[in-house]
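These entries record what I looked up in the structure.

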Amino acid sequence: MPSGNKGKNRSGGSLSLKTSNKIVRKQLYVKQKKEQGKERHEERHRRRKEEAKDPKLREERLANNIPLTIERKRVWDDVDDDSLGVAVDVAELKRRRLEKEEAEAARLADGITEEDKEKDDDADSMLDSDEEGGDDDEDAEERIERLRQERAQRKPSIAPSTTSTNLDMTPDSLTRQFPNLFNEEPPVDPKILVTTHLNGTIHKEAEDIAAIFPNSTYIKRSAHAYGHKYSVREIAKFAKNRGYTILMIVGEDLKKPSSLTVIHLNGEDVPPGPSLTYTIRNYLPGKALLGHGNPTNHYPELLLNGFKTPLGILAAKSMHTMFPPRPELSGRQVVTLHNQRDYIFFRRHRYVFREARATEKNVVTAEGKEMEGMQGIRAGLQEIGPRFTLKLRRVDKGIGRAGSEGEDALKWEWKAKMEKVRTRFNL
């Protein structure tokens, strides 16, 4: 006869999963969870006491417990090229080139070249050449050691240690392709014309986007049955003759903003371009944000984060020209364009500095140490909006796809195969 105790308490770690009685299984599961929580609590308490005695243990634990995210797994193209579409860190590439130039200059200055060695060997006797060769080896070792020490004292990268974008790292290839965008002339105050596609219906959203950029004007673009349907090139010519520096076209899909085209008109006697086309995702107006603030007419501060490749530098420079170079700090407004995994997150906030509450900790650096001069001070943020996400799709030489001519009309275009490797990014 089958045993009547079948399915009851059995030995094993997963006892709660083998018990047939539902009530008993629930009780055993709760008991196991309590025991596991108690073990974790005791382990944390023991570790806290040990780290209080020896702070180095905590530093070692935090150094080893860094999460391995996709950003940390990011791969770069192993090429000495800084053209568009190449995934290289501009700062790291420039650092490698500087180190190579320094090493070459040191070898030329010290005269330790192969030709000099051959000349010394031919001119001197065998004994003298051996002695001088030994001296040259010692001098070379000393120079190499000195260069190694100087390199160790220098920072690993000439770019800032934070995620902010350094536009001084612009490669020469971008300067040659876009001389109107990358030049040494002082930046001018932008004047932006914002419009929509034909028969646009998102006038309120387009006005909100136009309000982000100072010195901008929004003009409705409708196609009346008896009116002239102006093309983008005609609008660009109209705007350039009236002193506008940038033409911005907002596209829509299902009565929501879906695309954004930025056309740089440049100065007189200079053809317009380049044109950068983005897609807009997750658009959220400012009024839909909980506890939102109201914008003012002050020039905002601009933060550009995470743009590292030549294509990223181009996108960052394009956005940099949309805002005046002299922000008005009294307005306490800041616009953030944060690039992460080729998605550009747009946020606009108002900040205020206040005293830290008793329950708040002091501001710490990236290494976890308290920042000097910031004890007892905290920054409060209030989002103004709107909030949306951009993704760069194409870069054209002239006015969009139709207005660009020549073999190099299309500078860069996003393709689906570019995201086949999840750890390689274009910006």
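The model is predicted.

Entry 1, cavities. I searched the whole structure and found 2 cavities of 30 Å³ or more. The largest cavity has a volume of about 90 Å³. I listed its lining as Phe213, Leu260, Val262, Tyr278, Met319, Met322, Phe323, Leu337, Phe346, Phe388 and Leu390. Strands β4 (256-264) and β10 (387-396) each supply at least two residues of that lining. By class, the lining of the largest cavity comprises 11 nonpolar residues, no polar and no charged.

The second largest cavity holds about 50 Å³ of space. Around it I noted Asp342, Lys391, Leu392, Trp412, Trp414, Asn426 and Leu427, a lining of 4 nonpolar, 1 polar and 2 charged residues.

I looked up the largest nonpolar core, which has 46 residues, with Tyr278 and Leu314 making the most contacts inside it. Helix α10 (residues 310-320) gives the most to this core, namely 6 residues. Beyond its neighbours within four places in sequence, Leu314 is in contact with Leu84, Leu174, Phe178, Leu181, Phe182 and Val395. I also noted a second, separate core of 10 residues, including Ile235, Ala239, Leu265 and Ile399.

In α8 (residues 203-212), I found Ala206, Ile209, Ala210 and Ile212 buried. Viewed down the axis of α8, its buried residues fall within an arc of 145°, so they line one face of the helix.

Conventions:
Residues numbered from 1 in each chain as written. Predicted model: local features only at pLDDT ≥ 70, side-chain atom pairs only at ≥ 80, totals over all residues. Heavy atoms only, no water. Core = buried A, V, L, I, M, F, W, Y, C linked by side-chain atoms within 4.5 Å. Buried < 20%, exposed > 50% of the residue type's maximum accessible area, 1.4 Å probe, protein only. Helix = DSSP H or I, 4+ residues; strand = E, 2+ residues; numbered from the N terminus. Contact = heavy atoms within 4.5 Å. Arc of directions from axis to C-beta. 1 Å grid on protein atoms, 1.4 Å probe; cavity = no way out; pocket = protein on both sides within 12 Å on 5 of 7 lines; lining within 4 Å. Points joined across faces, edges and corners; volume = space filled by probe spheres on them. Nonpolar A, V, L, I, M, F, W, Y, C, P; charged D, E, K, R; others polar.
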